[in-house]
Amino acid sequence: MTEMTPVTDAAAAKAPKVPALPDAQTVTEVKHWTDRLFSFRCTRPASLRFRSGEFVMIGLMGDVNPKTGKQKPLLRAYSIASPSWDEEMEFYSIKVQDGPLTSKLQHIKVGDEVILRPKPVGTLVHDALIPGKRIWFFATGTGFAPFASLLREPETYEKFDEVIITHTCREVGELTYGRELIEALKDDELLNEVIGEGFWKKIKYYPTTTREESPKMGRITDLMRSGEAFEDLGVPPLNPDTDRAMICGNLAFNLELKDLFENTYGLEEGANSKPAHFVVEKAFLD
Ligand SMILES: Cc1cc2nc3c(=O)[nH]c(=O)nc-3n(C[C@H](O)[C@H](O)[C@H](O)COP(=O)(O)OP(=O)(O)OC[C@H]3O[C@@H](n4cnc5c(N)ncnc54)[C@H](O)[C@@H]3O)c2cc1C
Ligand SMILES: NC(=O)c1ccc[n+]([C@@H]2O[C@H](COP(=O)([O-])OP(=O)(O)OC[C@H]3O[C@@H](n4cnc5c(N)ncnc54)[C@H](OP(=O)(O)O)[C@@H]3O)[C@@H](O)[C@H]2O)c1
């Protein structure tokens, strides 16, 4: 039998203190979509105002530094997947098995705390685009996250007659989060009431896969160059008079689309300070 050592005040004072999380928010829901993808919802800081499409820094406390005995927050940029009006925050995340943050974040459960720095920034916002007829959202992988926000944002439908969302992933299962979110818009009573009954009919969803069989195979960039994507969608190629676009994917994807937009379709890149035809943001840093 092991004898229990009574905890004295002196011993307690010596024990390493676990710091309370700064900017802590409580996890309210966790959903795992594949072995590489999950989403979660958490409480929203009362003072946080953001524009749909922006990102914030989120994270967890890092490990205790054995030399100093101190812990530092381990933070990463995350697109806010929920719209600006939502009472809670939603995030859509990769699980990188040896990733400093997501190797731990993927294990969060309802009731756990995450750190959320309430300083939203980003270029994928309506303010960075001039008015147009049709808006395109181009995503690969977790680059869908800012569009999960913008697809639930009333301003998207107030400003545009047509909303086209393309999502290219390696495998079919990686499309599920986006597909279910878009399908749920039809039955979203609040959005149908606020934006207008049947607002979701403005959406054209174009999912493609590159490494697993699905109804539409191929990279969206190749499907645009060949004209197949426009034929499938029943719309003409992008045109600066009518089309606006937001891009969020891996670096090579972003650069390829930017080149296509500027040199083939004649679109100009915009920014918060200088709105124009399209905006770009990295889905992650390589
Ligand atoms: C502006 C911005 C917004 C971002 N928004 C999101 C988001 O909404 N959801 C999200 O999951 N990540 C997002 N990221 C990436 C995120 O910041 C982290 O890189 C990610 O959470 C992994 O963190 P980590 O510490 O586990 O690994 P890290 O050390 O950050 O990354 C390790 C490696 O994993 C790969 N990787 C990292 N993130 C991704 C990803 N999202 N998809 C595919 N491969 C990746 C890269 O090759 C990277 O070098 C965003 C990044 C930026 C710059
Ligand atoms: N997804 C997985 O199953 C998986 C599994 C284990 C590890 N990883 C690692 O995780 C990291 C990220 O993988 P990810 O799949 O999330 O993202 P990703 O490599 O950025 O690929 C996402 C999608 O974007 C497409 N794409 C890539 N570059 C493009 C470009 N220039 N133009 C148009 N489309 C482009 C890919 O097509 P292509 O398939 O043609 O490249 C794929 O369909 C990679 O380092 C990868 O090695 C991924």
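Which pocket does the space taken by ligand 1 form? In this predicted model, the space that ligand 1 takes up is the largest pocket.

Start with ligand 1 and its neighbours. It is surrounded by 20 residues, and Ala 77, Tyr 78, Tyr 92, Thr 102 and Thr 142 are the closest. Sorted by class, that shell holds twelve nonpolar, five polar and three charged residues. Two elements give two or more residues to the shell around ligand 1, namely β4 (73-79) and β5 (88-94). Of the elements, β4 gives the most, with four residues.

Next come the polar contacts of ligand 1. At Ala 77, a backbone N or O atom sits 2.7 Å from one of the ligand's oxygen atoms. Ser 79 also takes part through its backbone, with a polar atom 3.2 Å from a nitrogen atom of ligand 1. Thr 142, on the other hand, uses its side chain: an N or O atom there is 2.8 Å from a nitrogen atom of ligand 1. As for cover, ligand 1 on its own would expose 870 Å², and the protein buries 81% of that.

Now for ligand 2. Here 15 residues make up the surroundings, with Arg 170, Thr 210, Arg 211, Asn 250 and Glu 256 the closest. Which classes of residue make up this shell? The count comes to three nonpolar, five polar and seven charged residues. Both β8 (162-169) and α9 (251-265) supply at least two residues of the shell around ligand 2. The largest share comes from α9, which provides three residues.

A backbone N or O atom of Cys 169 is found 3.2 Å from an oxygen atom of ligand 2. Asn 250 reaches an oxygen atom of ligand 2 with a polar side-chain atom, at 2.7 Å. In the side chain of Glu 256, an N or O atom lies 2.8 Å from a nitrogen atom of ligand 2. How much of the area that ligand 2 exposes when taken alone does the protein bury? Taken alone, ligand 2 exposes 860 Å², of which the protein buries 71%.

Note on methods
Residues are numbered from 1 along each chain as its sequence is written. Chains are lettered from A and ligands numbered from 1 in the order in which they are written. This is a predicted model: local features need pLDDT of at least 70, side-chain atom pairs count only at pLDDT 80 or more; totals for chains, interfaces and linings use all residues. Side-chain values use heavy atoms; hydrogens and water are left out. A residue is near a molecule or strand if one of its heavy atoms lies within 4 Å of it. A polar contact is a pair of N or O atoms within 3.5 Å; within protein, one must be able to donate a hydrogen and the other to accept it, and residues adjacent in sequence count only if both atoms are side-chain atoms. Accessible areas come from the Shrake-Rupley method with a 1.4 Å probe; for residues, only the protein chains shown count as cover. On a 1 Å grid over the protein atoms alone, a cavity is a set of points where a 1.4 Å probe fits but cannot get out, and a pocket is an open set with protein on both sides within 12 Å along at least five of seven lines; lining residues have an atom within 4 Å of a point. A molecule sits in a cavity or pocket if more than half of its atoms lie within 2 Å of its grid points. Ala, Val, Leu, Ile, Met, Phe, Trp, Tyr, Cys and Pro count as nonpolar, Asp, Glu, Lys and Arg as charged, and the others, Gly among them, as polar.
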